Amino acid sequence: MDLENLNIPAINQFASLYIEQKEPVTSFFHYNINQSDVYSQRMEDLAAREFPRAELTDCIAGYMKGLPGSREVNESLAKLKKDAVAVVAGQQAGLLTGPLYTIHKIISIIKLAKQQEKELNHPVVPVFWIAGEDHDYQEVNHIYLEKGNIIEKKGYPERVSGKKMTSDISYDRNVMKNWVTEILKTLGETPHTKKLAGELTEMIEDQNDIVRFFAHFVMHLFKDFGLLVIDSAYPQLRSLEKHHFHHLIEGSQQITNAVLEQQGEIKRNGFNTQLDISPDAANIFINLNNERALLEREGYSFTEKNTGSVISAAELLSMLEKTPENFSNNVVTRPMMQEWLFPTLAFIGGPGEIAYWGELKKAFEYVGLKIPPVIPRLSITLLEREVEKKMDLLGLSLSQVLMNGVTEERERYWESIKLPSLEMEISELEQMMQKKYEDIRDKTARIGHGLDQIAEKNLSIHLQQLDFLRKRTDKALRDKHDKTFSDFAKVDNCLRPGGGPQERTWNVLYFLNKYGEDFIRNLTSLPMDFDGNHKVVYV
């Protein structure tokens, strides 16, 4: 593998300005991430706080029991229990790890933790916070595959009814194995397929819900780097969070007001906001009848949105004491809960996360916290050598393809091979026929008996035939240059699938199947810096 750095601006303007640490965006955060002493400042702030280290470490160890382990994982647990700080990232549990940016987040926390452990001369561990409490199953139940020149969505066939947390969604092992087998068949047989299929089968057999399957796969790939994982919906974690939920319930109105106030400042500075929050939002979910229901505040009572049932604050707090596992955070309160639990040296986020964390500054201040240094995750594109060769033959610029795809260049090529004289003759013939038929229609109209309509129909048939000739000519020309158009499609599918970044569409399984188990180790070991540049990895 080789590495190249490119300056590719973020699509999100807010995130782009944040990466450059420019005003006014930096005013929405507590730390300037470009200051050389930002991590030592953060260490001083963390030293003034207390964390439930022993309980948290035991909770993580309990969750990770039954997942792939290693000496490095045990060392990370021991470090966290004693005095380590953490680099944290989180994501929903996508099937087969979901889009590549999940892998990029994990690589980011591993690399920043290792870097800062050396710089600070203090233990730093990577922690991946799985958002198992989320209930948007449609976001995680599929991957994308390339079939010929087409990208197809391959959805998992088992249906899920209601708003279940993903941690509560189990799968039929035979259905899951058949689905994975079909995916590997589409990817094609390689020297690595048999081993990969066997490993996935073992994972599917060892687990029975999609979050544990996700966690197992992630630890299979990253256990040797000392990664720790925890599901935000893990019942034992809820017990640790219980008294923090008290604060969130009692201060729900003030937290919402703080977010809305911060959003107002952001809008006045010309930016759109990410979080859709109503003035009555309580920013907490509860599980009722095995469905996740969002709470809204009405004075001193709460309404759950699924049925409209009203729950008093006293009843809600009583429910919390008895069954804390039925409570869960939303996008506003999860970052606060994370900050209460973990001694977070830094949080790794993508462009959208950076934007919405900026909306939380005043809410964090209300609960007596600071937003940790929010570090943009490593932005990575994997470029296979065969795709690079196609780009060279087509004369394509890598940076232009990464930003805009190949549409303009493909159209320019098409115009260069078309036969303008043939198109001109067809167009001239169309115009001549339309003019002649105007005369014919005038004359037939005077005769009557609907002859003008017959003439109109006759013209339509001729024009359709000419258009058919044009399309068949275009098709024949495209077929003649099929390899070139296929090369354009391959480059686009690889680097700008569906008009977006590669990391938002492709799944790591393609690369594991093609390049084997060393792929992740080699990728994670590359010397990638957090310098705001886009990383192109030549595979």
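Which helices and strands each supply at least two residues of the lining of the second largest pocket? They are helices H1 (13-19), H2 (38-47), H5 (100-120), H13 (351-357) and H16 (398-404), with strands S13 (374-376), S14 (380-383) and S15 (534-538). Helices (H or I, at least four residues) and strands (E, at least two) are DSSP runs, numbered from the N terminus.

This is a predicted model, where local features need pLDDT of at least 70, side-chain atom pairs count only at pLDDT 80 or more, and totals for chains, interfaces and linings use all residues. Residues are numbered from 1 along each chain as its sequence is written, and side-chain values use heavy atoms, with hydrogens and water left out.

Ile19, Pro376, Arg377, Ser379 and Gly532 are the closest to the pocket's centre, of 44 lining residues. By class, the lining has 21 nonpolar, 15 polar and 8 charged residues. Nonpolar covers Ala, Val, Leu, Ile, Met, Phe, Trp, Tyr, Cys and Pro; charged covers Asp, Glu, Lys and Arg; the others, Gly among them, are polar. A pocket here is an open set of points on a 1 Å grid over the protein atoms alone, where a 1.4 Å probe fits, with protein on both sides within 12 Å along at least five of seven lines; lining residues have an atom within 4 Å of a point.

Now to a helix pair. The axes of H3 (residues 53-64) and H4 (residues 71-82) come within 8 Å and cross at roughly 160 degrees. H3 is therefore roughly antiparallel to H4 (angle over 145 degrees). Axes are lines fitted to C-alpha atoms over the stretch in contact, and angles run from 0 to 180 degrees between N-to-C directions. In contact (heavy atoms within 4.5 Å) are residues including Ile60 and Met64 of H3 and Leu77 and Leu80 of H4.

Technical notes. Angles under 35 degrees count as roughly parallel, over 145 as roughly antiparallel, 65 to 115 as roughly perpendicular and the rest as oblique.
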